[in-house]
Amino acid sequence: AVVGSFNNWNPTTNLLLMSDNGWWESRVPLGPGVYEFLYMVDGKPVVPPEAERTTADGFGGRNGILEIVPAQR
């Protein structure tokens, strides 16, 4: 699952499913903003390896940061 500030860290809201191309995916509609997130793998939190930015989680670990900027017109 993908968990984060966008779903109150709920591991049952955004499950990851394997796509036809072998990637694990979940569609999460998000508006502009800054979000913290992790993956839950076999019940354990995993810092997203593709996250360009991370931040301290307050418990000795790290969370990935995802920033979505408004579309420019």
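**Exercise 1. Determine the secondary structure of the chain and the order of its elements.**

The chain has zero helices and seven strands, where helices (H or I, at least four residues) and strands (E, at least two) are DSSP runs numbered from the N terminus. Read from the N terminus, the elements follow the order β-β-β-β-β-β-β. The model is a predicted one, in which local features need pLDDT of at least 70 and side-chain atom pairs count only at pLDDT 80 or more, while totals for chains, interfaces and linings use all residues. Residues are numbered from 1 along each chain as its sequence is written, and side-chain values use heavy atoms, with hydrogens and water left out.

**Exercise 2. Describe the extent of the chain, its burial and its contacts.**

Step one: taken along the principal axes, the C-alpha atoms fill a box of roughly 40 × 35 × 20 Å.
Step two: of the 73 residues in the chain, 21% are buried, a class that means under 20% relative accessible area, with exposed set at over 50% and partly exposed in between (1.4 Å probe, protein chains only).
Step three: among contacts (heavy atoms within 4.5 Å) with a separation of 6 or more, 45% come from residues 24 or more positions apart.

**Exercise 3. Find the salt bridge and place its two residues in the chain.**

Step one: searching the whole structure gives one salt bridge, defined as a side-chain nitrogen of Lys or Arg within 4 Å of a carboxyl oxygen of Asp or Glu.
Step two: the partners are R53 and E67, whose side chains meet at 3.1 Å, N to O.
Step three: this pair links distant parts of the chain, since R53 lies in strand 6 (residues 53–56) and E67 in strand 7 (residues 62–68), 14 residues apart.
Step four: R53 is partly exposed at 43% relative accessibility, and E67 is partly exposed with a relative accessible area of 43%.

**Exercise 4. Classify the aromatic pairs by ring geometry.**

Step one: the structure holds two aromatic pairs; rings of Phe, Tyr and Trp (its six-membered ring) pair if their centres lie within 6.5 Å, and planes under 30 degrees apart count as stacked, over 60 as edge-to-face and the rest as tilted.
Step two: F6 and Y35 have ring centres 6.3 Å apart and planes at 70°, so this pair is edge-to-face.
Step three: F6 sits in the loop between strand 1 (2–4) and strand 2 (17–18), whereas Y35 belongs to strand 4 (residues 33–41), 29 residues apart.
Step four: F6 is partly exposed at 23%, whereas Y35 is buried at 14% relative accessibility.
Step five: F37 and Y39 have ring centres 6.1 Å apart and planes at 80°, so they too are edge-to-face, and F37 is buried at 10% relative accessibility.
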